[in-house]
Each structure stands twice: as structure tokens, then as C-alpha cells.
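Reader: I am new to protein structures. Could you take me through this one in questions and answers?

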Amino acid sequence: MNQMNDISKIVSAPPAEEPARQRFYIEKMRAYADEAAARLGHSLRFCVQTFGCQMNARDSEKLAGILSDAGFVPSAEETADFVIYNTCTVRDNANQRIYGRLGYLHTLKKKNPEMIIALCGCMMQEASVIEKIRQSYGFVDIIFGTHNIYKLAELFDNYISSGRSRIIDIWQETDKIVEELPVQRKYPFKSGVNIMFGCNNFCSYCIVPYVRGRERSRKHEDILREIAHLASDGVKEVMLLGQNVNSYGAGLESEIRFPQLLKEVEKIDGIQRIRFMTSHPKDLSEELIETIAASEKICRHIHLPLQSGSSRILQQMNRKYTKESYLALAERIKESIPDVALTTDIIIGFPGETEEDFLETMDVVDKVSFSNAFTFLYSKRTGTPAAAMPDQISEDVMHDRFDRLLALVHETAKAENKKLEGRVLPVLVEEINRQDETLMTGRLSNNAVVHFPGDASLIGTIRNIKLAESKGFYYIGELQ
Ligand code: SAH
Ligand code: SF4
Ligand code: F3S
């Protein structure tokens, strides 16, 4: 056998190990994309639409990284050659949006039969969803879940090599974390960084643990290497991502927990702001509060989901804290970290929620004075314990409580944000204002949005801005 044959044999068999295996398939995908581009007279375009949370946004950047490495060019339009919906299933309206948009994709595919449609993400981890897509959405070509997004190029190859027959690859669980695959960031100057995957908390209303699997932390060496690399690539702000970052490190051999990880990230030159999401109140330690208070880089913002202010409901939700312990924690944070902004998530209409329970939630909002709160109507998720609980709340009652809560949130947020009016504070300039091109939009350390007159050359820089006027949830500022 001559040397040529040896080489061709090596390249025609995919390596068993990751990430080498996926790199092999990315090369194959590139050969396909090059051939198609020559035939069609244009590069193949991809469009990744992201639904849901920051986790999904980061996953989409990984999908975009693989596709870009394979020679596809990004497009914001769903008329692209390869359209991927990265789905969310945390509330039912997220699912309904996907079904609605799939109808539209079908009309596009009828006009362009070579178009490839893929669905991935949290919704695909539900057996009932897969069944529905099998039966009613035959035009979807590739379906995968949350555990195997790194395999996009391999799944694409399976699809093409099988003569374009539909590929469905859903894993129930994984203990695998594949590092070192390409990523295409949405912003050059800031980036999400996964520090852990999955969730072990099983809040009784929540589907995330079922669709994202058990909690797994990445090794701190891998996280720090990734952040150092991001810093050398111009990233100034990182957002450490996990469903409960406060339990980072559980299950790893290393002694490093979340506060130590933050201290290590702080040492990385070039990184100027560190954010994290999300903190579960049950695990937020005194050590973490002290670490934030002593830090130059950790942002003055803690997103601390309350869910309910009623201790009785919190117990039913399996949240493992009470109204009193939440209030004490919020107070402790505010006294230790000057200028900190607390934001929260609240669910209205959990099964059995009475008017008294609701008033407890209103009381916490009043006492803590959140800078912002995301309020959600309870959505029944099949398979979760809460779905089987008695006394599901009627729509009318839910909407009435929702409106009253929203009014209070507006009031407290307005009062809270007014406190910084007149101050000059650093703003990371992120983009041109979407409504008014003469304004730039950026964020304070506390995550509040500031709009100010300026030009696009400021994007990605941190500037001192005078907060001339507080408008409730945002400020109008002046560049100093
Ligand atoms: N891990 C994060 C939350 C992730 S889900 C945490 O524990 O804080 C984001 C938010 O969606 C939750 O905080 C909750 O407020 C909301 N949510 C989750 N399940 C929901 C449901 N079934 N109905 C309505 N809102 C829900
Ligand atoms: Fe859902 Fe609770 Fe896990 Fe958050 S901590 S993802 S609300 S189960
Ligand atoms: Fe949605 Fe999945 Fe995030 S269900 S909220 S995209 S973890």
C-alpha cells in the first residue's frame, strides 16, 4: 500500500474522539458547502433563530461557529439555505410560537426544496413534541436536543449521506462536555461562558431539569482558558452561565467553588466586567457576597429569582427558602454591596395561590424594591409535580394579579433607578439605539440600560456617562 492510500484511509474514517471527530465532519460539511456554492452561484446561508434564555443564546453561538467554520455565511433571514430553530419550552407560549413559525418555514421550503430545516434545544427533549413533529411537520429535516448540539456537523452529514432522509437524534442524558469547538460570538466585546450545564433543583413547576439533564460543572481550568482566550480576542465582559451558579463545582474533584472561580476570573487581564446568571437564593453564600463586595470587576447586579413571596407557596415550589430568609438575604446584599441592583423573576398563579399568598409576593416586592422584575403567568408543564397539583388558578384571577404586580414593579423600579440620577458612571457601549440612530445604548455595571447621544465608534468601549434623567427602567445620559 502506498502512502497516498494510507492518508486517504485516515481521512475517510471519522476519529472516535471528540473534538477531532466533529472537526472531521466540519471539513466534510465544508466540502458539501463548497460544492453547493459552485452549483448555485452563491455561498450557502444559515439562519439560527434563538428562543429562551442565555443558555440557548450561547448554544446558538456554538451552532453558528460550526456553520461558519464549514463555510456557511450568516443571515438574519429565514429564506436562508439552512434554518435552525433553537427552541425553549419553559412556558407553553414558547412552544406555541415555534409551531406558529414552523408553518411559515413550510411555505418558504415549498419555494426552495433544497432548504434544510433543523430544530434543536429544550423543546426537542420532550417526547410529546417529537411525536407531534413526526406526525404533523414532515418537512423538518434534522432534529436534535440540548445534549448533542456539538454534533451538528455530524448530524448534517448523516442527513446528506442518507439521501436527505430525516434525522432525529435526542439523548436523554449525558455526562459528556465537549470542549474546544468553534464559536461565533454575537458581540465582539462581550460573551457568555457556560460554567455548568443542567439543573438538579427540580422546582416543582419547572421543566428545565428534565430537558437539560443533571447538573454538571465544567472544570475550572477549561473555563479560565476559555475566558483568557476571549480576553485576548477583545472581550471585556463575560457572563458566567448556569441555572444555579452558586452550586458551581459540586461533583468536581477540585476544591474550587463559585467564589474562588470568580476570584480567578478577576485575575485575567483584559476582562473588565464579570456578570453571572442565575443565582438561586438557597445557595447564595456570605463568601459570595464578600467576594463581590471586594471585587473591582464583578458587576453590581444580582439576579435573584424570588418566584413567590409566600413561604407556603415557596415550599410547594420546592424552592428551599422562605419569605423571611429571602428578605434577610436581600437586605444583607444591599448593605454589603453599595449601589447593587437586585432583579428577580416572579411566577403568578402557581396552583393553590390564594389572594393572601399573592399579597405576600407584593409585600416582598415592596420591601426589596427590585430594579427590575420579570413576571410570568404560571404555565403548566406536563410531567412536573405542579402540573398534577389541585387548585390550578383561573386565567382571570391570574391576569388580575399579574396587572397589580406589574404596576407595583414599575413603581419600585422607578424609585430605585431614580437614586442614581445625576451620577457619572461607566457604561459599556453596546449598540446603536434601535429607535433613534443618533443615540447609543449601553449598560451600567448594575445592568441598567443607558441611551446617550454618540456614534458607533464608541461601541465596545467603557465610557463615563452622566445619568441626566432616569426614565423608570432606563436612563438618558450624556457622554463626559
Ligand atoms: N434557573 C433559574 C431559572 C430558569 S427559568 C432560577 O432558578 O432562577 C427562568 C424563569 O422562568 C424562572 O425563574 C421562573 O420564574 C420562570 N418559569 C419557570 N418555569 C415556569 C412555569 N412553569 N411557568 C411560568 N414561569 C416559569
Ligand atoms: Fe428551574 Fe428551579 Fe432549576 Fe431554576 S433552579 S432551572 S427554576 S428547576
Ligand atoms: Fe428555555 Fe431551555 Fe432556557 S427551556 S429558559 S431555553 S434552559
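Author: Start with one pair of residues: Thr 50 stands opposite Asn 86 in strand 3. The model is predicted, local features need pLDDT of at least 70, side-chain atom pairs count only at pLDDT 80 or more, and totals for chains, interfaces and linings use all residues. Residues are numbered from 1 along each chain as its sequence is written, chains are lettered from A and ligands numbered from 1 in the order in which they are written, and side-chain values use heavy atoms, with hydrogens and water left out.

Reader: How many bridges join strand 1 to strand 3?

Author: Strands here are DSSP runs (E, at least two residues), and helices are too (H or I, at least four), numbered from the N terminus. Strand 1 covers residues 45–50 and strand 3 covers residues 82–87. They run parallel, and the number of bridges joining them is 5.

Reader: Which strands stand at the edges of the open sheet of 6 strands?

Author: Two strands pair if DSSP finds at least two bridges between them. The order is 2-1-3-4-5-6, with parallel pairing. Each edge strand has a single partner, so one side of each is left without a neighbour in the sheet. The edges are strand 2 (73–74) and strand 6 (167–169).

Reader: At what angle to strand 5 does helix 6 run?

Author: Axes are lines fitted to C-alpha atoms, for helices over the stretch in contact, and angles run from 0 to 180 degrees between N-to-C directions. Helix 3 (residues 54–69) lies across strands 1, 3, 4 and 5, at about 170° to strand 1. Helix 6 (residues 152–161) lies across strands 3, 4, 5 and 6. Its angle to strand 5 is about 145°.

Reader: How many charged residues are in the shell around ligand 3?

Author: A residue is near a molecule if one of its heavy atoms lies within 4 Å of it. The residues surrounding ligand 3 include Cys 53, Cys 88, Cys 122 and Arg 212. Ala, Val, Leu, Ile, Met, Phe, Trp, Tyr, Cys and Pro count as nonpolar, Asp, Glu, Lys and Arg as charged, and the others, Gly among them, as polar. The shell has 4 nonpolar and 4 polar residues, and the charged count is 1.

Reader: And how many nonpolar residues are around ligand 2?

Author: Among the residues around ligand 2 are Cys 199, Cys 203, Cys 206, His 280 and Arg 319. Its shell has 3 polar and 1 charged residues. The nonpolar count is 7.

Reader: Is the crossing of helix 10 and helix 12 left-handed or right-handed?

Author: Helix 10 (residues 286–294) and helix 12 (residues 323–336) pack at about 25°, with axes 10 Å apart. That makes helix 10 roughly parallel to helix 12, since angles under 35 degrees count as roughly parallel. A crossing is left-handed if the near helix is turned anticlockwise from the far one by less than a right angle, and right-handed if clockwise. This crossing is right-handed.

Reader: At what angle do helix 13 and helix 14 pack?

Author: Helix 13 covers residues 355–368 and helix 14 covers residues 395–418. They are roughly parallel to each other. Their axes lie 10 Å apart, and the angle is about 10°.

Reader: In strand 14, which residue is the bridge partner of Ile 348?

Author: Another open sheet has 3 strands in the order 12-13-14, with parallel pairing. In it, 6 bridges join strand 13 (residues 341–348) to strand 14. The partner of Ile 348 is Leu 377.

Key:
Parallel < 35°, antiparallel > 145°, perpendicular 65-115°, else oblique. Contact = heavy atoms within 4.5 Å.
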